[in-house]
Amino acid sequence: MSKNANRARMPVSGKIIAADGQTHNIVDLLGGGSPICDEVYDIASYAPASGLVIGSDGKLYDLTKLLAARGEGGGGSVSAGSVTYGNGSNVAAALDHLIAALDTLRAEIGNISATLDAILGEVVE
């Protein structure tokens, strides 16, 4: 795995600094969730990110206010096809590609499992 690929997989702080200078945690603003692992990180050792984001209209927004508005029902809805990464690529297309890759992987795992079952069946008989 390349050095850049490893860096992309490293966690970043959930802390963001709002326009008013207050620090908030994005996980808390989103109402929590289920962690993807049991490993515990020292959040104090990760620097907070700027909570100022540029919208698709080119204007500057406070992420903490946007997230709070979503929690209050004031954020509206966004279609998956209109969401893009910073490099301009479409998120929905990337998700479709990922799902296709996972389906292929699932099929390959099924093939391997069937082969192992056949081998183990021959050994047991």
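These are my notebook entries on a predicted protein model.

**Ground rules.** I number residues from 1 along each chain as its sequence is written, and my side-chain values use heavy atoms, with hydrogens and water left out. Since this is a predicted model, local features need pLDDT of at least 70 and side-chain atom pairs count only at pLDDT 80 or more, while totals for chains, interfaces and linings use all residues.

**Entry 1: the overall layout.** I looked up the helices and strands and found four helices and five strands in the protein chain. Helices (H or I, at least four residues) and strands (E, at least two) are DSSP runs, numbered from the N terminus. Along the sequence, I read the pattern α-β-β-α-β-β-β-α-α. Next I checked burial: 10% of the 125 residues are buried. Here buried means under 20% relative accessible area, exposed over 50%, and partly exposed in between (1.4 Å probe, protein chains only).

**Entry 2: a salt bridge.** How many salt bridges does a search of the whole structure find? I got one. The term stands for a side-chain nitrogen of Lys or Arg within 4 Å of a carboxyl oxygen of Asp or Glu. The partners are Asp103 and Arg106, with 2.9 Å from N to O. Both sit in helix α4, three residues apart, about one turn of the helix. Asp103 counts as partly exposed because its relative accessibility is 40%, and Arg106 is exposed at 57%. A handy reminder for me: side chains of opposite charge can pair when their charged atoms come close.

**Entry 3: a nonpolar patch.** I then found a surface patch formed by Leu95, Leu98, Ile99, Leu102, Leu105 and Ile109, with about 550 Å² of accessible area together. Patches take residues with over 30% relative accessible area and no salt bridge, joining like charges within 9 Å and nonpolar side chains (Val, Leu, Ile, Met, Phe, Trp, Tyr) within 5 Å. The areas come from the Shrake-Rupley method with a 1.4 Å probe, and for residues only the protein chains shown count as cover. Ile109 belongs to helix α4, which spans residues 91-124.

**Entry 4: Leu52.** I located Leu52 in strand β4 (residues 52-54). Is Leu52 buried or exposed, or something in between? Leu52 is partly exposed, because its relative accessible area is 38%. Leu52 and Thr64 are twelve residues apart in sequence, and their C-alpha atoms are 8.5 Å apart in space.
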